[in-house]
Amino acid sequence: MKHKLAGGSLMAGLLLGLVSPTALAATEVVPLERLHVHDVILLPTVRSQYVARFTKPTTWQVAPSSQVVVEFQHSHELLPNRSWLQIIVNDKVVKHVPLTHANENGTRLTVPLPVGLLKDFNTLAFRVEQHYADKCEDPLDKSLWTQILPPTQIIFNYTPTVPQVSLAGYPYPIIDPLTYSPAKVHYVTSAQASQQELQALAFVNVHLAQQAQIHEIKTRVSFEDQPGPANEHVVFVGKGSTIPDAAKYQASFGDYALQGGQWMNRRTGQTLGNDQGLILFFQAPGSAEHTVLVVTGNSDQAVIKAAEYLTTRPKESTLLGNALEVPPGWSASGARGSKVSRFIESSTRSFQELGFTIQEVQKINAPPITYHVPIVGDFRNQNGKLWLDLHYSYSPQLNPEFSSLELRMNDVSIANIPLTNPNGETDKHFSVQIPNELIKVRNDLVAQFHLEPDKHGWCVDNYVDNSWGKIMDNSALRVEGGVSSRMPDLGLLNNTMYPYSKEDNLQAVHLVVPKDPTPQLLEAMLGFTTRLGRSTLADTNLRLALSKGFENVAGDRHVAVFRNSSDALNLPDGAHLLWKPGEAAQSLLRMLGLADINNAQVAASQAELGHGIYMEQYLNGSRAISVFTASEPAGFQALGNLFETDQDFETLQSGYLQQASLLNRTQINPLNAITYHLEKQKSGGSGWFGWLEDLRRWAVGLPWMQIIFGMVAVFFIFLILPVVVQRIFRK
């Protein structure tokens with residue numbers, strides 16, 4: 001996606017809620033990939049259609065110069081007089097193109113976007129009629145195809161308008177599901193923030209992420225209000241005395257004022273009580289694109305109460321206007337949620353519980369129905385079984401010889417169900433056991449209807465194709481027998497955030513940070529909570545906990561620890577990642593030591609240059625503890641970006657110990673070499689890795705040795721190795 005603002009800086013002031021179109025004229029290019037189309041669109045058979053969905057953000061005044069640019073190609077065997085492509089927006093044909101020999105390869109077509117037809121949610125369809133013969137034509141012939149190519153895109157020319165900002169609509173416009181760019185949030189708190197203030201920070205961020213769901217969020221943290229991008233929203237969280245920079249927005253506080261670090265009511269002249277939380281939400285003065293949210297009070301108790309009130313579920317009906325004082329005596333509800341986990345662990349789950357709605361496909365070339373099913377239970381080498389209890393329906397008048405429903409698990413066929421009833425079926429049931437060897441953490445379950453009309457055959461030039469198939473939402477994935485846990489496994493995080501997401505209100509989650517966390521470390525913590533929020537959707541108030549250190553961690557909570565390599569956190573038993581001062585004090589060198597099963601540190605260690613990220617997960621009793629360690633601020637910033645960026649986050653692999661390196665994009669690698677070295681230490685051997693590592697560390701400190709090693713390597717590769725290979729082949 002490309003995004004470009006034209007016209008330079010924002011014109012001063014707003015006039016009657018409108019912003020100057022000249023100053024804010026903008027262009028946003030939305031390729032097919034942003035519409036969740038990740039490959040070429042294939043349109044096969046005599047008639048075919050593909051529908052993509054796109055949005056028009058509420059704050060965009062779209063200009064008539066906006067366009068749809070379509071790049072396509074088609075079979076050279078199509079008859080130009082009988083074959084065509086239509087571009088359709090919201091069910092209206094905006095372009096009809098004959099498929100001729102002149103446009104069969106890489107043709108680029110520009111079509112004006114019909115601005116008057118646009119709504120919040122829209123459809124862009126590509127429909128073809130294609131023939132290779134005038135008579136006696138096979139409607140499934142392989143020569144019948146057209147492809148819509150990835151460079152296809154929508155170009156929006158627009159002017160942003162000022163949104164309506166009110167607590168009644170919160171979290172809009174911070175979270176706007178109609179936009180194409182990630183939501184950008186700048187949190188401002190204090191270097192002296194208390195546990196309660198940081199917990200309030202986590203509450204606000206998790207709630208935003210739960211509202212965003214599939215929409216990406218990018219966060220940063222500062223201890224002062226530093227300027228950022230024009231479309232970045234500012235969120236202050238903390239006591240009035242710890243967020244003094246909020247005072248520069250005094251003119252937007254309405255009946256409230258921040259004076260001498262204390263919040264007061266202008267109308268009454270009274271200072272707010274220590275149990276009175278305050279929430280302020282308003283448009284940033286002079287900006288059409290970002291808002292300011294203040295979650296505050298005059299005490300730690302007031303701040304956490306303000307955060308709980310803002311994020312409570314169901315939403316409080318009194319959340320109105322731009323400023324709200326939490327009602328005296330209010331407390332969050334203790335009701336338990338009714339939602340179930342959106343993954344398979346050890347209990348049967350219906351498609352409806354997993355968030356899968358009824359799916360229907362139509363026509364002779366019906367597309368596959370794909371379900372992305374995360375499975376966190378371990379069915380390997382166990383007596384547990386996983387069954388698919390499928391409920392499906394299909395239309396009458398299908399050819400029983402050629403029509404079927406194929407089921408695939410991770411690209412392997414597990415069943416093929418004939419569709420033989422000439423009258424069709426309604427809610428037909430079929431069960432099949434999914435082989436344990438096919439079950440992964442991340443799974444694609446595919447239902448492929450092969451629908452062929454009853455009249456299908458050679459020389460049938462006109463037939464009616466009213467065929468359809470449905471997968472019902474009362475289908476289920478049924479668990480039988482005992483299923484063990486896959487933990488500890490960091491790879492479970494990348495698909496489900498398991499086990500932290502077991503309860504959508506996060507009542508079993510505890511975050512641990514150092515006594516004096518840096519902004520970068522808090523960015524990593526917020527990245528984790530962003531991913532956690534996007535993986536859950538609570539129907540009751542949030543209950544995650546946070547502390548500085550392990551002093552107040554309940555024994556039944558899963559813990560996520562964020563620490564500097566120099567922090568003296570007393571981790572519970574089981575951790576392997578131990579840090580000690582480096583041998584080269586003048587450098588950024590740290591020594592990563594590994595502990596044996598008795599938690600006694602081994603002598604050898606792995607050197608790293610201070611910018612790495614280390615991730616470990618282990619079990620302490622029945623709870624999981626995940627530890628995220630970095631030596632430098634850049635490491636924590638990269639860790640936060642890892643959690644917040646879908647593409648990077650999916651690189652997390654299975655394993656209990658992993659390292660992320662800071663290259664052009666974050667790369668995740670299991671610490672296989674270190675783990676091997678650890679095992680050698682347990683058995684009393686030094687291991688080849690330890691010897692090589694010691695040699696490398698010695699050589700790296702000597703520049704002339706690097707030159708010698710390089711010369712020896714070149715000599716061996718280009719002179720010695722060819723001679724050896726030649727002699728081997730002569731023999």
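The chain contains ten helices and 42 strands. Helices (H or I, at least four residues) and strands (E, at least two) are DSSP runs, numbered from the N terminus. The model is predicted: local features need pLDDT of at least 70, side-chain atom pairs count only at pLDDT 80 or more, and totals for chains, interfaces and linings use all residues. Residues are numbered from 1 along each chain as its sequence is written, and side-chain values use heavy atoms, with hydrogens and water left out.

The accessible surface (Shrake-Rupley method, 1.4 Å probe) is about 33200 Å². Carbon and sulfur atoms hold 53% of that surface. Contacts (heavy atoms within 4.5 Å) were also sorted by separation. Among those with a separation of 6 or more, 75% join residues 24 or more positions apart.

Helix H3 covers residues 300-311. Nine of the twelve residues of H3 are buried. Among them are Ala-302, Lys-305, Ala-306 and Tyr-309. Their cover includes helix H2 (195-212) and strands E15 (232-237), E18 (278-283), E19 (291-296) and E20 (323-325).

The axes of H2 and H3 come within 8 Å and cross at roughly 10° (lines fitted to C-alpha atoms over the stretch in contact, with angles from 0 to 180 degrees between N-to-C directions). H2 is therefore roughly parallel to H3 (under 35 degrees; over 145 is roughly antiparallel, 65 to 115 roughly perpendicular and the rest oblique). H2 contributes residues including Ala-200, Phe-203 and His-207. H3 contributes, among others, Val-303, Ile-304 and Ala-307. By class, this contact has seven nonpolar, four polar and three charged residues (Ala, Val, Leu, Ile, Met, Phe, Trp, Tyr, Cys and Pro are nonpolar, Asp, Glu, Lys and Arg charged, and the others, Gly among them, polar).

Helix H5 spans residues 519-534. Its 16 residues should span 22 Å, and its end C-alpha atoms are 22 Å apart, which agrees. H5 is mostly covered, with 15 of its 16 residues buried. H5 packs with helix H6 (residues 633-644) at about 10°, with axes 7 Å apart. The two helices are therefore roughly parallel. In H5, the contact residues include Leu-521, Ala-524 and Phe-528. Phe-636, Leu-639 and Phe-643 are among their partners in H6. The contact has eight nonpolar, five polar and four charged residues.

Technical notes: Expected span 1.5 Å × (residues − 1). Buried < 20%, exposed > 50% of the residue type's maximum accessible area, 1.4 Å probe, protein only.
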